[in-house]
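Hi everyone, thanks for making time this morning. I'd like to walk you through one model, so let me put it up on the screen.

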Amino acid sequence: MIYPSPSRPILVVDDDPAMRLALSESLRQSGHPVVIASNGEEALRHCREQAIGLMMTDIRMPGMSGMDLFQEAKKLIPSLPIIIMSAFGTIQAAVEAMKSGAFDYLVKPFSQEALEMVIQRALCSQELPAAKPPPLPTAPAGRALLTQDPGMLRLLKTAEVVAASQTSILIEGESGTGKELLARFIHEQSPRAHRPFIAINCAAVPEALLESELFGYEKGAFTGAAARKPGRFELAHTGTLLLDEVSEMHLSLQAKLLRVLQEREVDLLGGKGPISLDIRVIATTNRPLWEEVNAGRFREDLYYRLNVFPLRLPPLRHRVVDIPLLADHFIKKGSAKNQKSVLSVSPEALSHLMGREWRGNIREFANVIERAVLLCDRGVITPDHLLFEASSEAKAAPPPPRSTTVWEAERELILETLERVGGNRTHAARHLGISIRTLRNKLREYRTAGSTDPQQTAAPGRADEGGTL
């Protein structure tokens with residue numbers, strides 16, 4: 001699956017409303033933003049009014065032809081990839097378009113797989129710097145949250161909004177997805193940004209030491225306590241405390257943590273009284289915390305105390321659109337660190353990177369790029385420079401699409417819509433955004449092709465609403 005920039009939709013141009021509908025639905029189901037136009041003039045207007053990432057146009061249209069549109073669009077946006085769609089009778093014209101600079105052409109009817117392959121190549125062919133969004137605020141350690149994934153951008157916007165409150169936040173996500181970076185981002189966006197940000201990894205500190213690390217102790221509290229030691233809660237006073245991997249905390253300690261969160265005060269080991277706290281708590285977990293509750297490994301009352309506002313970070317395999325951006329970032333970082341002059345990654349290598357599962361997420365991805373930078377000797381990373389982890393896997397092949405051609409996808413969409421509205425063709429046409437006449441013609445076409453019996457699809461007694469054929 002491919003993902004264009006959210007700010008650069010695919011422009012579909014076709015005078016056939018059914019084809020427009022089928023193609024736009026296919027693209028949207030694959031995660032692409034789409035705008036449509038029924039003729040060349042409307043398409044050029046879209047090109048003038050917004051940034052278009054890719055154009056797909058039928059070559060034979062009334063008025064301005066696909067070739068005329070191709071020439072005019074190239075004058076407006078010389079770098080715009082344009083895919084020509086043609087029937088068998090117009091293949092020669094499509095070839096001529098290729099010679100004039102069209103990115104590729106598709107002969108109707110084409111399969112879903114062929115459609116996605118050509119779009120992926122077209123989107124990957126665009127220069128990476130043009131797809132980069134302005135960098136987001138950096139974390140104190142100089143690390144940045146880099147993304148152009150629509151879901152991640154919405155998540156960061158939500159985090160920015162909730163950062164202004166005092167609400168406790170629970171961040172869920174697989175290891176290596178950047179949970180601590182997101183926590184730091186929230187702190188930096190909050191009114192506490194100029195106050196301490198204290199983090200503790202509950203999985204990294206031995207259980208026997210975690211209590212004293214969290215709550216601190218007074219001098220003489222136990223053998224070896226030679227001096228007073230403030231805990232992380234006390235150190236985070238007026239700022240933010242990050243409880244990293246909180247699901248790893250033992251049940252006995254969870255009860256003490258719950259009391260601190262409820263009372264907003266902490267008792268040092270061996271102390272004479274509680275210390276009031278003014279802190280904002282952010283917790284992270286790489287396990288679904290509710291499942292830990294159900295399994296009896298995490299207190300339910302503590303779960304609700306921490307999970308006031310949940311945020312879930314997607315794994316890297318669900319952010320494929322970010323891979324070119326991250327590759328560029330880690331190439332620069334690896335080149336500077338190792339004093340190399342690696343400038344870019346080849347399209348073939350990028351395709352390999354975009355086809356991995358990345359179970360280690362960004363941490364694993366960064367390691368692969370750093371190894372590639374070390375092995376690269378000509379400035380461009382190729383597939384030969386990519387050394388993956390032994391446990392790394394390429395993505396499993398996607399399930400076979402229900403439809404093999406756009407024509408079949410269109411037919412399924414129309415028949416499903418008819419079924420959903422009880423066979424009422426007027427309602428179906430309205431839902432589909434086509435005229436009742438187009439719908440009738442399509443159903444007649446399907447019946448002629450022998451692929452279905454539209455009579456069975458239409459509800460009986462609805463002849464006044466489009467009727468039977």
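**A helix and a sheet**

Let's start with helix H11, residues 251-263: at 1.5 Å a residue its 13 residues should span 18 Å, and the end C-alpha atoms sit 19 Å apart, which agrees. Do keep in mind that this is a predicted model.

Which residues of H11 are buried? They are Leu-253, Gln-254, Leu-257, Leu-258, Val-260 and Leu-261. If you look down the axis of H11, these buried residues fall within an arc of 165 degrees, so they line one face of the helix. And what do they pack against? Their partners are helices H9 (207-215), H10 (232-235) and H13 (300-306), along with strands E10 (240-244), E11 (265-266) and E13 (280-285).

Five strands make up an open, parallel sheet, in the order E2-E1-E3-E4-E5. Strand E2 (34-37) and strand E5 (104-107) are the edges, each pairing on one side only. On average, neighbouring strands here are turned by 20 degrees against each other, ignoring direction.

Let me zoom in on one pair. Strands E3 (residues 54-58) and E4 (residues 82-86) pair in the parallel sense over four bridges, and Met-56 has Ile-83 of E4 as its bridge partner.

Finally, the helices on this sheet. Helix H1 (residues 17-29) lies across E1 (10-13), E2, E3 and E4, and runs at about 170 degrees to E2. Helix H2 (residues 40-49) also packs on the sheet, where it touches E1, E2 and E3 and makes about 145 degrees with the direction of E2.

How values were computed. Residues are numbered from 1 along each chain as its sequence is written. This is a predicted model: local features need pLDDT of at least 70, side-chain atom pairs count only at pLDDT 80 or more; totals for chains, interfaces and linings use all residues. Side-chain values use heavy atoms; hydrogens and water are left out. Two strands pair if DSSP finds at least two bridges between them. Helices (H or I, at least four residues) and strands (E, at least two) are DSSP runs, numbered from the N terminus. Axes are lines fitted to C-alpha atoms, for helices over the stretch in contact, and angles run from 0 to 180 degrees between N-to-C directions. Contact means heavy atoms within 4.5 Å. The expected span of a helix is 1.5 Å times one less than its number of residues. Buried means under 20% relative accessible area, exposed over 50%, partly exposed in between (1.4 Å probe, protein chains only). The arc is that of the directions from the helix axis to the C-beta atoms.
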